[in-house]
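Try each task before you read its solution.

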Amino acid sequence: MFLFIFYFFLCYLLYRLIFNFILPIYRTTRQVKRSFREMNERMQGAGNNNQQAPHPEEKKRNTDGVGEYIDFEEVP
């Protein structure tokens with residue numbers, strides 16, 4: 001009888017360990033990996049879009065040869 005209670009208690013602890021500790025950690029890890037993968041794909045996609053062709057306004061400014069100058073005055 002005592003052995004039965006011991007095994008039952010052991011099975012209960014194993015059940016709690018699996019469903020309250022191991023399974024949530026596994027799910028969270030999988031979700032975080034998926035989120036990082038999606039973020040990385042978005043960042044690579046955004047990087048590819050920026051490198052392909054600059055906007056026409058940027059081309060016009062870069063070919064001008066003269067940049068915008070802001071005069072700096074020191075205030076006492």
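**Exercise 1.** Is Y7 buried, partly exposed or exposed?

*Solution.* This is a predicted model, in which local features need pLDDT of at least 70, side-chain atom pairs count only at pLDDT 80 or more, and totals for chains, interfaces and linings use all residues. Residues are numbered from 1 along each chain as its sequence is written, and side-chain values use heavy atoms, with hydrogens and water left out. Start with the cut-offs: buried means under 20% relative accessible area, exposed over 50%, and partly exposed in between (1.4 Å probe, protein chains only). Y7 has 46% relative accessibility, so Y7 is partly exposed. Now widen the view to the protein chain: buried residues make up 0% of its 76 residues.

**Exercise 2.** Classify the aromatic pairs.

*Solution.* Rings of Phe, Tyr and Trp (its six-membered ring) pair if their centres lie within 6.5 Å; planes under 30 degrees apart are stacked, over 60 edge-to-face, and the rest tilted. By this rule there are two aromatic pairs. In one, the ring centres of F6 and Y7 are 5.9 Å apart and the planes meet at 50°, so this pair is tilted. F6 is partly exposed, at 42% relative accessible area. For Y15 and F19, the centres are 4.8 Å apart and the planes at 45°, so this pair is tilted.

**Exercise 3.** Why are Y15 and F19 separated by about one helical turn?

*Solution.* Helices here are DSSP runs (H or I, at least four residues), numbered from the N terminus. Y15 and F19 are about one helical turn apart because they are four residues apart in helix α1.

**Exercise 4.** Which residues form the nonpolar surface patch?

*Solution.* The members are F9, Y12, L13, L14, Y15, L17, I18, F19, F21, I22 and I25, with about 1100 Å² of accessible area together (Shrake-Rupley method, 1.4 Å probe). I22 belongs to helix α1 and, at 44% relative accessibility, is partly exposed.

Note on methods: Patches are made of residues with over 30% relative accessible area and no salt bridge: like charges are joined within 9 Å, nonpolar side chains (Val, Leu, Ile, Met, Phe, Trp, Tyr) within 5 Å. A salt bridge is a side-chain nitrogen of Lys or Arg within 4 Å of a carboxyl oxygen of Asp or Glu. Helices (H or I, at least four residues) and strands (E, at least two) are DSSP runs, numbered from the N terminus.
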